[in-house]
Amino acid sequence: MTLSLKGKTYVVMGVANKRSIAWGIARSLHQSGARLIFTYAGERFEKGVRDLAGTLEGGEDSLVLPCDVTNDEDIEKCFATIKEEVGTIHGLAHCIAFANKEELAGDYMNTTRDGFLLAHNISSYSLTAVAKVAKDLMTEGGSIVSMTYLGGERVMQNYNVMGVAKASLEASVKYLASDLGKHGIRVNAISAGPIRTLSAKGVGDFNSILKEIEERAPLRRNTTQEEVGDTAVFLFSDYSRGITGENLHVDSGYHVLG
Ligand code: NDP
Ligand code: N5H
């Protein structure tokens with residue numbers, strides 16, 4: 001299964017390690033022949049991202065840039081460097097979210113003002129901030145893909161403030177699609193089923209969540225990094241040229257259940 005994105009360049013934001021959904025997207029993009037640029041937030045992840053990029057054939061020369069999305073200067077600097085080094089980009093994968101760990105359990109109503117704003121800043125507003133600067137580099141049109149979860153549409157235990165932030169992210173995808181369509185830029189979200197990543201670490205009953213999906217989801221199995229990566233490639237490619245403002249569920253069909 002390959003789809004050619006040769007000659008195209010994509011920015012992948014949010015690789016923390018090899019389990020990251022962003023890394024799944026990077027691998028699928030690489031298989032399609034695309035050129036990749038990586039951004040990371042935490043300095044402690046820089047070496048890991050560089051090492052991972054180096055494992056891709058020809059990836060040793062990939063641009064790997066810092067971009068803490070809470071910092072406007074960081075975002076501007078990052079995309080200015082990309083413009084200088086590469087010029088045009090064709091797409092961007094936004095795989096970034098954060099909420100305080102203690103607010104991802106118990107009652108949603110205990111969310112603090114600071115915790116609410118932090119989750120929304122990193123997990124939702126960042127897409128809008130990044131789309132605005134990335135637009136200027138998408139001179140040949142483009143495709144932006146962000147990551148969301150079913151907890152943005154319905155109440156899922158413990159997802160709490162992150163669910164509210166994902167609802168905001170999903171609405172942003174629609175408004176951004178409306179703004180950017182006239183520039184030939186599409187904006188979509190992938191709503192992935194649970195995948196064991198660093199972010200999911202420490203989620204108490206993750207095993208039982210995975211088990212329920214295996215037992216009940218239409219496809220009777222859990223979602224893989226590869227399935228998300230390949231769907232992102234589809235959304236980056238011209239095969240999806242008529243799709244924008246969409247939230248595509250890559251979750252073994254779990255979302256159709258009541
Ligand atoms: P990871 O922990 O691998 O990735 C989360 C990423 O968020 C990290 O790379 C981290 O960067 C980045 N991040 C956090 N704060 C900032 C910041 N201030 N600036 C820039 N980047 C930041 O987890 P996933 O791969 O699971 O998560 C990727 C996306 O997928 C998230 O949006 C998540 O909500 C979504 N998702 C995940 C699901 C799952 O089950 N895993 C299901 C559905 C959606 P750094 O490491 O550099 O700090
Ligand atoms: C219903 C659930 C279970 C409850 C889990 C919620 C997970 C929320 C996602 C956020 C992104 C997790 C998070 O912010 C963790 C941080 O507080 C602590 N971790 C870190 O700081 C690590 C080191 C860094 C790399 O993480 C980040 N994010 O920067 C949802 C699950 C079934 C599915 C799921 C796990 C969804 C999702 O959105 O990720």
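I count a residue as near a molecule if one of its heavy atoms lies within 4 Å of it. I also note that this model is predicted.

**Entry: ligand 1**

I looked up the residues around ligand 1 and found 28. Ser20, Ala41, Ile195, Thr197 and Ser199 come nearest. I then sorted the shell around ligand 1: 18 residues are nonpolar, eight are polar and two are charged.

Next I checked polar contacts. A backbone N or O atom of Ile195 is 2.7 Å from an oxygen atom of ligand 1. The side chain of Lys166 has an N or O atom 2.8 Å from an oxygen atom of ligand 1. For Gly42, I read 3.0 Å between a polar backbone atom and an oxygen atom of ligand 1. How much of ligand 1 does the protein cover? On its own, ligand 1 has 880 Å² of accessible area, and the protein covers 91% of that.

**Entry: ligand 2**

I repeated the search for ligand 2 and found 18 residues around it. Ala97, Ala99, Lys101, Tyr159 and Ser199 come nearest. The shell around ligand 2 divides into 13 nonpolar, three polar and two charged residues.

I checked polar contacts here too. An N or O atom in the side chain of Tyr159 is 2.5 Å from an oxygen atom of ligand 2. Ala97 has a polar backbone atom 2.8 Å from a nitrogen atom of ligand 2. Lys101 places a polar backbone atom 3.4 Å from an oxygen atom of ligand 2. Last, I looked up the area. Ligand 2 exposes 810 Å² when taken alone, and the protein buries 82% of that.

Terms used. Residues numbered from 1 in each chain as written. Chains lettered and ligands numbered in written order. Predicted model: local features only at pLDDT ≥ 70, side-chain atom pairs only at ≥ 80, totals over all residues. Heavy atoms only, no water. Polar contact = N/O pair within 3.5 Å; in protein donor to acceptor, adjacent residues only side chain to side chain. Areas by Shrake-Rupley, 256 points an atom, 1.4 Å probe, with all protein chains shown as cover. Nonpolar A, V, L, I, M, F, W, Y, C, P; charged D, E, K, R; others polar.
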